[in-house]
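This report describes how side chains are arranged in one protein model. Please examine the sequence and the structure before reading on.

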Amino acid sequence: FGPLEPDILKRITEILRDTAFHGFLSTITTDGRLSAADHGTYLIRFSNNRPKSLIISQVTVDEKGKKTI
């Protein structure tokens with residue numbers, strides 16, 4: 001594991017204050033929030049299935065116009 005970086009608490013605080021961070025959200029709620037969003041929009045949330053993990057969910061649109069979250 002090793003020692004923590006000196007600025008780790010600052011970095012964690014920055015993530016938690018970021019407008020992209022949404023805390024605890026289910027996959028269904030995440031999909032609902034991003035369903036009308038534009039390509040490249042993303043949010044960060046805590047994982048419901050993997051403790052101590054963050055999930056980044058992003059909207060992508062392929063060349064045929066198919067949207068994926």
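A nonpolar core is a set of buried Ala, Val, Leu, Ile, Met, Phe, Trp, Tyr and Cys residues joined through side-chain atoms within 4.5 Å. In this predicted model, the largest such core consists of five residues: Leu25, Leu34, Ala37, Leu43 and Val59. Leu25 has contacts with Thr30, Arg33, Leu43, Arg45, Phe46 and Asn48, when residues up to four places away in sequence are not counted.

Aromatic rings form a further group. There are two aromatic pairs. The rings of Phe24 and Phe46 have centres 4.7 Å apart and planes at 35°, so they form a tilted pair. Here Phe24 in strand β1 is linked with Phe46 in strand β2, 22 residues apart.

| Residue | Relative accessible area | Class |
|---|---|---|
| Phe21 | 15% | buried |
| Phe46 | 26% | partly exposed |
| Phe24 | 64% | exposed |

Leu9, Ile12, Ile15, Leu16 and Leu54 make a nonpolar surface patch of about 450 Å². Helix α1 (residues 8–17) supplies the largest share of this patch, four residues. Leu16 is located in helix α1 and is partly exposed, at a relative accessible area of 44%.

Notes:
Residues numbered from 1 in each chain as written. Predicted model: local features only at pLDDT ≥ 70, side-chain atom pairs only at ≥ 80, totals over all residues. Heavy atoms only, no water. Patch = residues over 30% accessible without salt bridge, like charges linked within 9 Å, V, L, I, M, F, W, Y side chains within 5 Å. Areas by Shrake-Rupley, 256 points an atom, 1.4 Å probe, with all protein chains shown as cover. Salt bridge = Lys/Arg side-chain N within 4 Å of Asp/Glu carboxyl O. Helix = DSSP H or I, 4+ residues; strand = E, 2+ residues; numbered from the N terminus. Buried < 20%, exposed > 50% of the residue type's maximum accessible area, 1.4 Å probe, protein only. Contact = heavy atoms within 4.5 Å. Phe/Tyr/Trp six-rings, centres within 6.5 Å; stacked < 30°, edge-to-face > 60°.
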